[in-house]
Amino acid sequence: MKNHTFIITVIAAFLTSATAFAQNQNTITRSRACTINPGYSMSDVVSISRDFSFNEDSVPNAVFFREPTAYTTNTPPDWDFIMVQYYSGYADLVSKRSVQRNRAAARNGITFDDLASCSVTARISDVYVGNQETTFDDTEATLMTTRRCDLNGETTVEDAVAVAETMGANLEAYSAVSARRYGGPRITGGSQISMSFVYSDPQDFGATLDGMKGGSINPNEGLGGGTPMTCEIGTLWVSHRIYTANN
């Protein structure tokens, strides 16, 4: 079972287990907001995109389309989904983006630009894995949750990763922390992170939520006291797997 955690004003004395991994990993994401073009649906965009050919010299290590179903904001989003591309580091991003930008413009049938229009600018974030779990278990779409959190006092990103690791283990969900490095609105005050929890399939999400409501699952078990971060109510997404290098 897996689920994600919506209860954070917790934890303080727990900032070690994920630190070594967080310091050694070098995964980054490039994210852009996209609007579906007239004549297409989200299902069309997903299914057609999965059929595109991906060249190893220019394609990211993984591509996901995140479709919001319950979005936390003062106003509804004016886009339909977020395209999230994963790279193994900044050198990998620069190399592959350079190939994409320099290749000759040509058309051979339908292209992604026919399906959707995406923002020209992107957000670049560092990603730190907390808890490793199986995701996309016999499915190409699963549910995930994200929460934006402001780190308080002396709390570090490594501390947040340690929290995500324990909460993910309690929920049996993949968990990660992303820290925005470039792009997006100004961050005021202290550091800001996004915590995400991804479930193996939609059924896991539902079962875990029911377990939390019934009291059999406590996402905060094993966490210390205090308020190392202040978090918003979570956003719920359908995560569509479009491409992964090992699939």
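Figure 1. Among contacts in the protein chain with a separation of 6 or more, 87% are between residues 24 or more positions apart; a contact here means heavy atoms within 4.5 Å. What we're looking at is a predicted model, so local features need pLDDT of at least 70 and side-chain atom pairs count only at pLDDT 80 or more, while totals for chains, interfaces and linings use all residues. Residues are numbered from 1 along each chain as its sequence is written, and side-chain values use heavy atoms, with hydrogens and water left out. The protein chain has six helices and ten strands, taken as DSSP runs (helices H or I, at least four residues; strands E, at least two) and numbered from the N terminus. Of the 247 residues, 47% are buried, where buried is under 20% relative accessible area, exposed is over 50% and partly exposed is in between (1.4 Å probe, protein chains only).

**Figure 2. The disulfide between Cys 34 and Cys 118**. Counting pairs of cysteine sulfur atoms within 2.5 Å as disulfides, the model has two. In this one, Cys 34 and Cys 118 sit 2.1 Å apart, S to S, and the link is right-handed, with 105 degrees about the S-S bond. Cys 34 belongs to strand β1 (residues 27-36) and Cys 118 to strand β4 (residues 116-118), so the pair ties together parts 84 residues apart in sequence. Cys 34 is buried, at 0% relative accessibility.

**Figure 3. The disulfide between Cys 149 and Cys 231**. The sulfur atoms of Cys 149 and Cys 231 are 2.0 Å apart, and their link is right-handed, at 105 degrees about the S-S bond. This pair also connects distant parts of the chain: Cys 149 is in strand β6 (residues 141-151) and Cys 231 in strand β9 (residues 229-231), 82 residues apart. Both Cys 149 and Cys 231 are buried. With bonded cysteines counted along the chain, the disulfide pattern reads 1-2, 3-4.

**Figure 4. Phe 64 stacked with Phe 136**. The structure holds nine aromatic pairs: rings of Phe, Tyr and Trp (its six-membered ring) with centres within 6.5 Å, called stacked if the planes are under 30 degrees apart, edge-to-face if over 60 and tilted for the rest. The rings of Phe 64 and Phe 136 are 5.7 Å centre to centre, with 25 degrees between the planes. Phe 64 lies in strand β2 (residues 62-70) and Phe 136 in the loop between β5 (123-131) and β6, so this pair ties together parts 72 residues apart in sequence. Phe 64 is buried at 12% relative accessibility, and Phe 136 is buried at 9%.

**Figure 5. Tyr 71 and Trp 79, edge-to-face**. The ring centres of Tyr 71 and Trp 79 are 5.4 Å apart and the planes are at 90 degrees. Tyr 71 is partly exposed, at 34% relative accessible area, whereas Trp 79 is buried, at 15%.

**Figure 6. Around Ser 196 in strand β8**. Strand β8 covers residues 192-198, and Ser 196 is buried, at 12% relative accessibility. Leaving out residues up to four places away in sequence, Ser 196 touches Met 144, Thr 145, Thr 146, Tyr 174, Ser 175 and Ala 176.
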